[in-house]
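Here is a short note to read beside the structure. Please keep the model open and find each residue as it comes up.

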Amino acid sequence: MTLSLQGMGMTSLRTRERMIKRLSEQGIRNQKVLEIMRDTPRHIFMDEALSSRAYEDTALPIGYNQTISQPYIVAKMTELLLEATGHLGKVLEIGTGCGYQTAILAQLVDHVYSIERILPLQRKAKGHLWDLKLKNVSYLYNDGNLGWSDYAPFDAILASAAPFEIPQELLQQLAVGGVMVIPIGVNGQQTLQRVTRNINDYEVEILESVTFVPFLSGKE
Ligand code: SAH
């Protein structure tokens, strides 16, 4: 009993409010993003042993050598997508992972299409989103390099693993006027980039240094 109450304390709304305050201090301005992150329990996406650390501003292990993205990165990438285009219809996510970023996106856009190359991770993520009653998400177990042509073009694409260069298929599946937020580069030297598709070309903004797990090929 005492233990579970302790657990609740560490994962309470008050703890999330502290996280939101920190995100504002770090420069996150989009109120909708902040509100949704305040109201979405992050600890349910990780193993119980780590749930008391769920609101720290750090990436934490989710198994299979992967990590849940730190809250600042989730907030920043979501904000970058939203500020570029007012309303987002279809959004493609590469790297479902534990599903936390998916859950934030699902509350802000019409539909999320999420691809993951490690099946057990995606299965777990699906369960968490189901528990939160987030049903506007479709899942695909595949290599994200291929995108998801059945539902292309996408108004936005978000990748939470870093390739050396932007996969061609993803560029092709981005709608004209759409934006992609993606980390690019080798380990330790990645930059977050935002790519906007214009009628005749792609515009690339290089934003800030980041550290992501590598974008791999094939399925596990
Ligand atoms: N936003 C997720 C990030 C997880 S880490 C979270 O917060 O949990 C990045 C994820 O991208 C991992 O789950 C990894 O398996 C996945 N990934 C890496 N390369 C991929 C690829 N080519 N296709 C699909 N998923 C990929």
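1. Accessible areas come from the Shrake-Rupley method with a 1.4 Å probe. On that basis the accessible surface of the chain is about 10700 Å², and carbon and sulfur atoms account for 51% of this surface. Bear in mind that this is a predicted model.

2. Overall form. The chain contains seven helices and nine strands. Its C-alpha trace spans about 60 × 35 × 35 Å along the principal axes. For 220 residues, a compact globule would have a radius of gyration near 17 Å, and the 17 Å of this chain agrees with that. Of the contacts between residues at least 6 apart in sequence, 55% join residues at least 24 apart.

3. The main core. Buried residues make up 51% of the 220 residues. In soluble globular proteins, nonpolar side chains tend to be buried together. Here the largest nonpolar core has 49 residues, and Leu-23, Met-37, Ile-68, Leu-81 and Tyr-100 have the most contacts inside it. Helix α4, residues 71-84, gives the most to this core, with eight residues.

4. Leu-81 as an example. Which residues is Leu-81 in contact with, once its neighbours within four places in sequence are left aside? They are Leu-88, Val-91, Leu-105, Ala-156, Ile-157, Leu-158, Val-179 and Val-181.

5. Trp-148 sits in the loop between β5 (137-141) and β6 (154-159). Is Trp-148 buried or exposed? Its relative accessibility is 9%, so it counts as buried, the cut-off being under 20%. Beyond four places in sequence, its contacts include Leu-92, Tyr-113, Ile-115, Leu-140, Phe-154 and Gln-173. Ile-94 is 54 residues from Trp-148 along the chain, and their C-alpha atoms are separated by 9.9 Å.

6. A buried threonine. Thr-40 lies in the loop between α3 (31-39) and β1 (60-63). Thr-40 counts as buried because its relative accessibility is 2%. A polar atom of its side chain is 2.7 Å from the backbone oxygen of Ile-36.

7. The ligand. How many residues surround the ligand? There are 25, and the closest are Ser-69, Cys-98, Glu-116, Gly-144 and Leu-216. A polar backbone atom of Ser-69 is 3.0 Å from an oxygen atom of the ligand, and one of Cys-98 is 2.9 Å from an oxygen atom of the ligand. For Gly-144, a backbone N or O atom lies 2.7 Å from a ligand nitrogen atom. Taken alone, the ligand exposes 580 Å², and the protein buries 99% of that.

8. Backbone details to check. The peptide bond from Ala-152 to Pro-153 is cis, with omega near 0 degrees; Pro-153 is in the loop between β5 and β6. Asn-65 has a positive phi, near 65 degrees, and is not a glycine. Asn-65 belongs to the loop between β1 and β2 (66-68) and is exposed, with a relative accessible area of 76%. Lys-133, also not a glycine, has a positive phi of about 60 degrees. Lys-133 is in the loop between α6 (119-131) and β5, and at 65% relative accessibility it counts as exposed.

Note on methods
Residues are numbered from 1 along each chain as its sequence is written. This is a predicted model: local features need pLDDT of at least 70, side-chain atom pairs count only at pLDDT 80 or more; totals for chains, interfaces and linings use all residues. Side-chain values use heavy atoms; hydrogens and water are left out. A nonpolar core is a set of buried Ala, Val, Leu, Ile, Met, Phe, Trp, Tyr and Cys residues joined through side-chain atoms within 4.5 Å. Buried means under 20% relative accessible area, exposed over 50%, partly exposed in between (1.4 Å probe, protein chains only). Helices (H or I, at least four residues) and strands (E, at least two) are DSSP runs, numbered from the N terminus. Contact means heavy atoms within 4.5 Å. A residue is near a molecule or strand if one of its heavy atoms lies within 4 Å of it. A polar contact is a pair of N or O atoms within 3.5 Å; within protein, one must be able to donate a hydrogen and the other to accept it, and residues adjacent in sequence count only if both atoms are side-chain atoms. The radius of gyration is taken over C-alpha atoms; the globule rule is 2.2 Å times the number of residues to the power 0.38.
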